Amino acid sequence: VDNHKKLTAELENLLQKQMDAESKVSTLERTNKDLNRQINEIQDSYESESRDKQTLMAKMRDLQATHNQTLENLEEEQDARDALQQKLNTAVQQMSDAKRVAEEHANTLEEVENARRKLSRDQEDLNSQIEDL
């Protein structure tokens with residue numbers, strides 16, 4: 001009988017340990033499921049962030065290419081502006097030279113006209129002197 005009680009107590013003790021172990025297994029299974037869900041969420045988040053990073057990198061490359069093209073266009077525009085400024089400077093100088101030449105021609109023409117008038121007066125004076133003789 002003592003042996004039977006002892007075995008019964010031991011059996012109850014083992015059953016209790018089994019129930020505790022099953023409860024722990026159940027808790028560990030729930031924890032395992034939660035951890036797996038968290039791992040999946042983290043993996044999804046990582047994949048999403050990786051895609052976002054790739055998208056941003058592509059946008060950055062596009063922006064860099066646009067920036068480089070804009071700089072190149074700006075440089076070409078600056079070169080064209082400098083060339084136009086040089087042409088304008090040349091045209092202004094040519095106009096100044098032409099004005100100076102025109103003034104010189106006008107002065108020469110005036111001198112020629114004055115000389116012609118003087119010669120005409122001198123001729124009239126000579127004609128007058130010839131007639132007086």
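Does Asn127 count as buried, partly exposed or exposed, and at what relative accessibility? In this predicted model, local features require pLDDT of at least 70 and side-chain atom pairs pLDDT 80 or more, whereas totals for chains, interfaces and linings use all residues. Residues are numbered from 1 along each chain as its sequence is written, and side-chain values use heavy atoms, with hydrogens and water left out.

The secondary structure amounts to 1 helix and 0 strands, helices being DSSP runs of H or I with at least four residues and strands runs of E with at least two, numbered from the N terminus. The C-alpha atoms occupy a box of roughly 190 × 15 × 10 Å along the principal axes.

Of the 133 residues, 0% count as buried, a class defined as under 20% relative accessible area, with exposed over 50% and partly exposed in between (1.4 Å probe, protein chains only). Asn127, which lies in helix 1, counts as partly exposed because its relative accessibility is 37%. The C-alpha atoms of Asn127 and Ile42 are separated by 123 Å in space, the two residues being 85 apart in sequence. Glu75 is likewise found in helix 1, which spans residues 2-132, and counts as exposed because its relative accessibility is 54%.
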